[in-house]
Amino acid sequence: MDKRQTVIVYGDSVVLAGVRTSLSFDPAFEVIACAFPLTDQELRALQPRAIIFDTQAVQPEFRYALAQEMPGLLLIGIDPSANQVVVW
């Protein structure tokens with residue numbers, strides 16, 4: 001079997017809980033629920049393929065810093081109030 005992809009889910013909204021639960025049923029993913037903040041060392045140790053977060057709960061600087069520090073990391077922002085998903 002191929003290596004499982006690590007996905008980090010930041011936030012505690014009902015929408016993110018549903019995403020986290022759905023992904024955890026797929027054996028291709030290792031889903032990790034995290035509270036803010038993780039250090040750069042912790043993120044590097046986890047080697048996530050993607051981070052899913054609530055755009056309302058995260059400052060824009062967080063997204064920019066992750067994109068610069070971890071190229072290739074898939075950032076998925078969910079805005080439940082606008083019914084919108086943004087992928088960086």
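Contact here means heavy atoms within 4.5 Å. The model is predicted: local features need pLDDT of at least 70, side-chain atom pairs count only at pLDDT 80 or more, and totals for chains, interfaces and linings use all residues. Residues are numbered from 1 along each chain as its sequence is written, and side-chain values use heavy atoms, with hydrogens and water left out.

View 1. T55 sits in the loop between strand 3 and helix 3 (60-69); helices (H or I, at least four residues) and strands (E, at least two) are DSSP runs, numbered from the N terminus. With a relative accessible area of 19%, T55 is buried. Buried means under 20% relative accessible area, exposed over 50%, and partly exposed in between (1.4 Å probe, protein chains only). Leaving aside residues up to four places away in sequence, T55 touches R63, G77, I78, D79 and W88.

**View 2. The aromatic pair F53 and W88.** One aromatic pair is present in the structure. F53 and W88 form this pair, which is stacked, at 5.9 Å centre to centre and 15 degrees between the planes. Rings of Phe, Tyr and Trp (its six-membered ring) pair if their centres lie within 6.5 Å; planes under 30 degrees apart count as stacked, over 60 as edge-to-face and the rest as tilted. F53 lies in strand 3 (residues 50-54) and W88 in the segment after strand 5 (84-87), so the pair ties together parts that are 35 residues apart in sequence. F53 counts as buried at 0% relative accessibility, whereas W88, at 43%, counts as partly exposed.

**View 3. Nonpolar cores.** A nonpolar core is a set of buried Ala, Val, Leu, Ile, Met, Phe, Trp, Tyr and Cys residues joined through side-chain atoms within 4.5 Å. The largest core has 13 residues, of which I8, Y10, L43, I51 and L66 touch the most other members. Strand 1 (5-10), strand 2 (29-34) and strand 3 are the elements that give two or more residues to this core. A second, separate core of seven residues includes V7, V9, L23 and I76. Not counting residues up to four places away in sequence, L43 is in contact with I8, Y10, L38, P48, I51, L66 and M70.

View 4. Five strands form an open sheet in the order 2-1-3-4-5, with mixed pairing; two strands pair if DSSP finds at least two bridges between them. Strand 2 and strand 5 are the edge strands, each pairing on one side only. Neighbouring strands of this sheet are turned by 20 degrees against each other on average, direction ignored. Axes are lines fitted to C-alpha atoms, for helices over the stretch in contact, and angles run from 0 to 180 degrees between N-to-C directions. Strand 4 (residues 74-79) and strand 5 pair in the antiparallel sense over four bridges. V87 in strand 5 is the bridge partner of I76. Helix 3 packs on the sheet and touches strand 1, strand 3 and strand 4, and its direction makes about 165 degrees with that of strand 4.

**View 5. R4 and its polar contacts.** R4 is in the segment before strand 1 and counts as partly exposed at 41% relative accessibility. Not counting residues up to four places away in sequence, R4 touches P27, A28, F29 and E30. A polar atom of the R4 side chain lies 3.2 Å from the backbone oxygen of P27, and the R4 side chain reaches the backbone oxygen of F29 at 2.5 Å. A polar contact is a pair of N or O atoms within 3.5 Å; within protein, one must be able to donate a hydrogen and the other to accept it, and residues adjacent in sequence count only if both atoms are side-chain atoms.
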